[in-house]
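This report looks at spaces inside a protein model and at the surroundings of a ligand. Have the sequence and structure at hand as you read.

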Amino acid sequence: MTTAEWLDIGWVDQIPVRGSRTVQVEGGDDIAVFRTAEGKIFALLDRCPHKHGRLSQGIVHGGAVACPLHNWRISLSTGEALGEDKGCTPTVPVKIDGGRVLICRASTLKAAA
Amino acid sequence: MEHRPLKAETDAREHLVVIGNGMAGCRAVEELIARDSNRYRVTIFGAEPRVNYNRIMLSPVLAGEKSFDDIVINDAGWYAGNGIALIAGDPVAAIDRAAKTVTTRSGAIESYDRLLIATGSDPFIIPVPGKDLPGVIAFRDMDDVDTMLAAADAGGDAVVIGGGLLGLEAAHGLSLRGMKVTVIHLMPTLMERQLDEAAGWLLKNALEARGQTILTGADTAEIVGNGKVEGVKLKDGTLIPAGLVVMAVGIRPSVALARDAGLAVGRGIQVDDHMVTSDPAVLAVGECVEHDGQVYGLVAPLWDMCRSLADGLVEQPTGYRGSVTSTKLKVSGIDVFSAGDFSGGDGCEDIVLRDASRGVYKRVIVKDDRIVGAVLYGDTADGGWYFDLLKKQEDVSQLRDLLIFGQAFAAGGGAADPKAAVAALSDDAEICGCNGVTKGQVVSCIAKGSHSLDAVRGTCKASASCGSCTGLVENILTLTLGDEVKAGPKTMCKCTSFGHDDVRREIVAQAMRSIPEVMQKLHWTTPDGCSSCRPALNYYLLCALPGDYVDDQQSRFVNERMHANIQKDGTYSVVPRMWGGLTNPTELRAIADVVEKYSAPMVKVTGGQRLDIFGIKKEDLPAVWADLNAAGMVSGHAYGKALRTVKTCVGSEWCRFGTQDSTGLGVKVERMSWGSWMPHKFKIAVSGCPRNCAEATIKDFGIVCVDSGYELHVGGNGGIQVRATDLLCKVATEQEAMDHCAAFIQLYREEARYLERTAPWIERVGLEHIKARIVDDEPGREALRARFLYSQSFSQDDPWAQRAEGAEAEHHAPMARFTPQKELA
Ligand SMILES: Cc1cc2nc3c(=O)[nH]c(=O)nc-3n(C[C@H](O)[C@H](O)[C@H](O)COP(=O)(O)OP(=O)(O)OC[C@H]3O[C@@H](n4cnc5c(N)ncnc54)[C@H](O)[C@@H]3O)c2cc1C
Ligand code: HEM
Ligand code: SF4
Ligand code: FES
């Protein structure tokens, strides 16, 4: 199911709590979709601003994910590196509707391009 | 229709018809009457055959704390006295907006000038087989309560599906009424929408202590029964007997009437700031509406909505601006409060207070000097205060340090400096509740030479148990010593004031069983830890509770979660186990096939005597493993804090210098120790003679065969800082070599800190300590070995095989695929 602006990518429950899943975008980078301990859903380009680590494979804690390659902490809501590190990963707006996760089509295309 | 006023037809006033005799509908009428009691003629239709009552008090009615009469808001006299016609028990079935009429189920037609829809919500019924069986009910109105009370009279088992506010209140009531209650909750944490993991865990414990069975992470497959409900079956096959099933999994705004009438409906009936729908003659209020994209499931927003609605009806519009809500669980004796946003995020700072001895957890989330959320468990006295600060968006920077202690403390005499607060304490004020230590005792122990936190913990025991008074003790140290305070040993991470050893000791001493439990009992200062402490705690629990602890996948580093090594381009490398470095044509063929089939760009012989296949995609991993499994190979754990390889040389079977069968021994050792999780990676080697071709003296455990037996070496490391092994001892037989190896591994597993290799561990504790435990103490060694083998009986389960069979498939497959031209596949 798709609408013009939002891509329906599946049920919230398909994403493990404190974990993530990816959305493959043909011809571009994956989008990582995270679910925090509190049940909030965030989507980011699956690419660390440091050396392109797959953020979807990191450990999620609080509102951040620790990159699996060199442990930078990336904010899930803004994509900014936290602490001393500097850099930013594009974010993708998300909305939840009746338990379904929808991500913004335009941002997905832009981020993954 | 007994209340219909006789003069209705001759009444010239505008006619306001209200659909829904619930909390919002009646409140709206009350607000209207308060503004202008004469303006409208009012008729209220209610589906329920009774007057308006306080729905939130159904829980206390169920629990036996209140009767229905106690919770009535407006009795028959109110309707009559205000000239309101109440038509109860005959729901409205259709709205005709063109004719401006409503039609009830019985066929009665009523025309309106203004229509107010206040139909509330419908319980969400999960679409499983058996959902319509008698005995399966929701928890929404008085009829549901009557059904539950009748079931409780008969006794027996009840299942509540849904561990949110409603479900837990139902479970509480039923259990007070004598039923044996099981709560099935899909999420890992109870009330996850209102509570964080820590508070959810405390709540679960408290409810279990009251005799309820709480199953989290449990997914309902079906409700079973012949003619009436007999039980609930979970997706994992468990069958829970039940004579009553209460579904409390959520609510949906009741919008059917509005949608059929062609009004704009999103998640709820869409209204503007004056609660007017897409038709100017039709208003809507309560849980059935969507305002500014929000729908609500609590009463507080209704009050605000009803005020704006009434202002609009008397043409003095004000406008509703949305509501911030807070939640309290109405289960007597268990205090839970939550408000605002507790999901953290940028610029958000958590202030956490945990008091294990009182079962208290408090968390206040501050952003830009304003409170944005609060979660309180056990002590909710300050909930109202925090909520007030939150709603008013007050600047709390002045209160910051004392905020978490509550209003009385923070507002107390402007002593906004914690040190001043501590200085002001009298000598007999209790500092450490767990060990009953007063401020005077702490001061005198510092005076006697305990100049660090650790020394204080070691002498007078203050802050040595739960750690909640650590801040106080530290302040006393600075007050007493000024700058002479010695920095304590490194803490595990910034989430705790405890070091690794303290945490491990307490896990065992207090028989802790889960990560949230450790965080609560040891007063973690963050809600769910960080990427340093979570993997460590997961390991410590795994080590302490073999066979029992359920591994937390989300607390594992990527490689251990994926059972493969992530490479810098995001692909993975796969290293199957080759026992003792031996292989055969079947294995080699299978590896060659995998390399071709999945176009692996490189295969490399590792330094650990096995083959590493590079460039495998995450999605292909399960298929690759299935192919390798088919040829008899299992995971080599090249990715884990675990046994990696056992490197061997050819030994006496072939080599002219060989003294023993080093290859054969290597295979046996690897078969014994593979699959075990360790504080860090662990490598073993067996050389057939002192020429040591297998480089056994830079391994964690190295065996060098000699004519008279086996030299056992420990604590070696290649790495950045090369360290040759220390000689542990010499033994005569293969069996003794294996036994010592097992005992050494277990000692390392139990005593080393997470991420500490054997080399730094031995340098820290000293070789003599290791010798005393492994060589000199035979019963001790035997016990260590037995513990290792016991734990191995649970861990030698090939993780690849489980994944190849489809376990945890979500780790490998993307959730969706998006082809920009073709949209979603
Ligand atoms: C057991 C329980 C405990 C709760 N506890 C709390 C709590 O602690 N705190 C809190 O803030 N909230 C609580 N709530 C939620 C709170 O009760 C609701 O937010 C509130 O009742 C919503 O008011 P409403 O008027 O929108 O809907 P309701 O009160 O449900 O009123 C809607 C009414 O409309 C009637 N109706 C529906 N369709 C028609 C029709 N076609 N024709 C005629 N009538 C119709 C329904 O029968 C119902 O009587 C609780 C709810 C329940 C069930
Ligand atoms: C000091 C930090 C070290 C790091 C971070 C490190 C990292 C790694 C990594 C990531 C792999 C896996 C490669 C893959 O399969 O994708 C690996 C494998 C290996 N490393 Fe290291 N290594 C370190 C030190 C050493 C040292 C000191 C030695 C030997 C003296 C060593 C010997 C090996 C061997 C033999 C393998 C292959 C293991 C196997 O077959 O399972 N490493 N190492
Ligand atoms: S240098 Fe060490 S860490 Fe780097 S790739 Fe080679 S083995 Fe791995
Ligand atoms: S690539 Fe993410 S931290 Fe280096």
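## The second largest cavity

The second largest cavity has a volume of about 80 Å³. The model is predicted. Chain B supplies the residues that line this cavity. Among them are Pro535(B), Asn538(B) and Tyr539(B). Ser555(B), Arg556(B) and Phe557(B) also take part, as do Glu560(B) and Lys641(B). Trp677(B), Met678(B) and Tyr754(B) complete the lining.

Helix H18 of chain B, residues 533-544, gives the most to this lining, with 3 residues. Sorted by class, the lining of the second largest cavity holds 6 nonpolar, 2 polar and 3 charged residues.

## The largest cavity

How many cavities of 30 Å³ or more does a search of the whole structure find? The search finds 4. The largest of them holds about 100 Å³ of space.

Its lining has 14 residues. Nearest the centre of the largest cavity are Ser20(A), Ser56(A) and Gln57(A), together with Glu810(B) and His811(B). Strand S2 (19-25) of chain A and helix H19 (558-562) of chain B each supply at least two residues of this lining. Which element gives the most? That is S2(A), with 4 residues. The classes here are 3 nonpolar, 7 polar and 4 charged residues.

## The shell around ligand 2

Now turn to ligand 2. There are 17 residues around it. Those that come nearest are Ser573(B), Thr606(B), Arg610(B), Asp612(B) and Gly719(B). By class, the shell has 4 nonpolar, 9 polar and 4 charged residues.

Why does ligand 2 lie between two domains of chain B? Domain 4 (559-635) and domain 5 (646-795) both give residues to its shell, so the ligand lies between them.

## Polar contacts of ligand 2

Arg610(B) is one of the residues that come nearest to ligand 2. An N or O atom in the side chain of Arg610(B) is 2.3 Å from an oxygen atom of the ligand. Asn565(B) places a polar side-chain atom 3.3 Å from an oxygen atom of ligand 2. With Lys681(B), the ligand atom is a nitrogen: an N or O atom of the Lys681(B) side chain lies 3.2 Å from it.

Notes
Residues are numbered from 1 along each chain as its sequence is written. Chains are lettered from A and ligands numbered from 1 in the order in which they are written. This is a predicted model: local features need pLDDT of at least 70, side-chain atom pairs count only at pLDDT 80 or more; totals for chains, interfaces and linings use all residues. Side-chain values use heavy atoms; hydrogens and water are left out. On a 1 Å grid over the protein atoms alone, a cavity is a set of points where a 1.4 Å probe fits but cannot get out, and a pocket is an open set with protein on both sides within 12 Å along at least five of seven lines; lining residues have an atom within 4 Å of a point. Grid points are joined across faces, edges and corners, and a volume is the space filled by probe spheres set on the points. Ala, Val, Leu, Ile, Met, Phe, Trp, Tyr, Cys and Pro count as nonpolar, Asp, Glu, Lys and Arg as charged, and the others, Gly among them, as polar. A residue is near a molecule or strand if one of its heavy atoms lies within 4 Å of it. A polar contact is a pair of N or O atoms within 3.5 Å; within protein, one must be able to donate a hydrogen and the other to accept it, and residues adjacent in sequence count only if both atoms are side-chain atoms. Domain bounds come from an automatic or database domain assignment.
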